[in-house]
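Please examine the structure shown below. A short exchange of questions and answers accompanies it.

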Amino acid sequence: KEKNKIKLKIDSSNPNFGFFRVVKEDHTLGNIIHSKLLGSNSVLFCAYKKPHPLEDFIIIKILTNGKLTPIQALDCSLKELYIELSLLEEACNKKT
């Protein structure tokens, strides 16, 4: 079992450009994180890919404007998503 679900690689020529490898995930999570990151004013570019259908990971690329590091941008987006999904779960539970 892997300890770290997310592995980071920062581009040595540009500290505002980061690559994140997220294991055991696919387009479902990649697309929602990608969409959330694109909504951030600090993110200039964001993309994700699943290199091959049989590979069990996705790669997220993030380029920031320098106000946030790629790690901070991803962290903020994940926290926002957690809050939004928690509120959605709460709303669904109230209706049942």
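The questions below concern the core, the strands, the surface and the salt bridges.

Reader: How are the residues numbered, and which limits apply to the model?

Author: Residues are numbered from 1 along each chain as its sequence is written, and side-chain values use heavy atoms, without hydrogens and water. The model is predicted: local features need pLDDT of at least 70 and side-chain atom pairs pLDDT 80 or more, whereas totals for chains, interfaces and linings use all residues.

Reader: How many residues make up the largest nonpolar core?

Author: A nonpolar core is a set of buried Ala, Val, Leu, Ile, Met, Phe, Trp, Tyr and Cys residues joined through side-chain atoms within 4.5 Å. Buried means under 20% relative accessible area, exposed over 50%, and partly exposed in between (1.4 Å probe, protein chains only). Elements β2, α1, β3, β4 and α2 each supply at least two residues of this core; helices (H or I, at least four residues) and strands (E, at least two) are DSSP runs numbered from the N terminus. The largest core, which includes Phe20, Ile33 and Leu81, has twelve residues in all.

Reader: Which strand pairs with β2 over seven bridges?

Author: Two strands pair if DSSP finds at least two bridges between them. Strand β1 runs antiparallel to β2 and is joined to it by five bridges, with Lys7 opposite Arg21. On the seven-bridge pairing, also antiparallel, Gly18 has Ile62 as its bridge partner. The strand asked for is β4.

Reader: Is Leu8 buried, partly exposed or exposed?

Author: Leu8 is found in strand β1, residues 6–10. With Ile10 and Ile71, Leu8 forms a nonpolar patch on the surface; such a patch joins nonpolar side chains (Val, Leu, Ile, Met, Phe, Trp, Tyr) within 5 Å, from residues with over 30% relative accessible area and no salt bridge. Because its relative accessible area is 40%, Leu8 is partly exposed.

Reader: How far apart in sequence are the parts that Lys5 and Glu25 tie together?

Author: Lys5 forms a salt bridge with Glu25 (a side-chain nitrogen of Lys or Arg within 4 Å of a carboxyl oxygen of Asp or Glu). Lys5 lies in the segment before β1 and Glu25 in the loop between β2 and α1, so the parts tied together are apart in sequence by 20 residues.

Note on methods. Patches are made of residues with over 30% relative accessible area and no salt bridge: like charges are joined within 9 Å, nonpolar side chains (Val, Leu, Ile, Met, Phe, Trp, Tyr) within 5 Å. Accessible areas come from the Shrake-Rupley method with a 1.4 Å probe; for residues, only the protein chains shown count as cover.
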